[in-house]
Amino acid sequence: MTSATDPHRLPLTTPRLIATDLDGTLLRDDKSVSDRTIAALAAAEEAGIEVFFVTGRPARWMDVVSDHVHGHGLAICANGAAVVDLHSGGRLLEVRDLPRATAMDVVRTLRTAAPGTSFAVELTTGIHYEPDYPPFHLDPGATVATAEKLLHEEQPGEGAPVIKLLAHHPDLVPDSFLTLARTAAGELASFTRSSPTALLEVSGLGVSKASTLALCCAQRGISADEVVAFGDMPNDVEMLTWAGTSYAMGNAHPDVIAAASGRTVANNEDGVAVVIEQILARRLQERRV
């Protein structure tokens, strides 16, 4: 495990792309982006380093960073299920959906494996949830019904693509719930989590932050070795493993710390900005030599 405070542990060459998670990583706990981080992101883009926001959030919850977008303005949302253009208000450019029939199979499997599980369905048009699911106060227009009804092609959203199925359990330990779900239904879909509660996020099989980031990088001729990634929760593990250089935040989950090649300070201490500043400082020093 390397440290962001050691400049000799930075990437061997200046990266071409920075991929950063948002909640618990780029954002402080109050969901703000600090002035230091805003300046670091702008400096990276000015230096020719692309910055990708890679998050579990849906496109409609990207307003927290929409004012800090530079360059291309692309973001990977919903754990890799959607690529959006933040310059055009979150317009969907690509969707890697979870087939409704598969989501139904997951629901049936988890109802048996973990009785008491409640579900929400995130569509490209918004979120809808079951009566027992913890309510989303930011989504007053959501339909409330059983998952079976929500996943029917006619209800709701008139067949809009499913980008994420959410499964909540009121009693299970979060990591235990994740392990149980992967054991019971891992051949059907991709399971991960980013909440401190027992809330699982279910995507199409093979869909993750890492797989969509890899596709976006391939389109730009960028290799994994040219990417620096940041994250804090299990839904970041694949991305941190894929990237040539990766940093777990000081507040990261143990699985994230084990997966990353380095570690920076916590999100409330601007850990992403700390590393970016060091990368740019070394780049400037090398140019002066």
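Helices (H or I, at least four residues) and strands (E, at least two) are DSSP runs, numbered from the N terminus. The model is predicted; local features need pLDDT of at least 70, side-chain atom pairs count only at pLDDT 80 or more, and totals for chains, interfaces and linings use all residues. Residues are numbered from 1 along each chain as its sequence is written, and side-chain values use heavy atoms, without hydrogens or water.

The largest pocket holds about 730 Å³ of space. A pocket is an open set of points on a 1 Å grid over the protein atoms alone, where a 1.4 Å probe fits, with protein on both sides within 12 Å along at least five of seven lines. Its volume is the space filled by probe spheres set on the points, which are joined across faces, edges and corners. The lining (residues with an atom within 4 Å of a point) numbers 32 residues. Closest to the centre are Asp-23, Trp-61, Ser-194, Ser-195 and Leu-199. At least two lining residues come from each of α1 (22-26), β9 (162-168) and β11 (199-204). The largest share, 3 residues, belongs to β9.

Two residues were examined for backbone geometry. Most residues other than glycine have a negative phi. Lys-31 has a positive phi, near 70 degrees. Lys-31 sits in the loop between α1 and α2 (35-46). With a relative accessible area of 40%, Lys-31 is partly exposed (between buried, under 20%, and exposed, over 50%; 1.4 Å probe, protein chains only). Asn-79 also has a positive phi, about 55 degrees. The loop between β4 (74-77) and β5 (82-85) holds Asn-79. Asn-79 is buried, at 2% relative accessibility.
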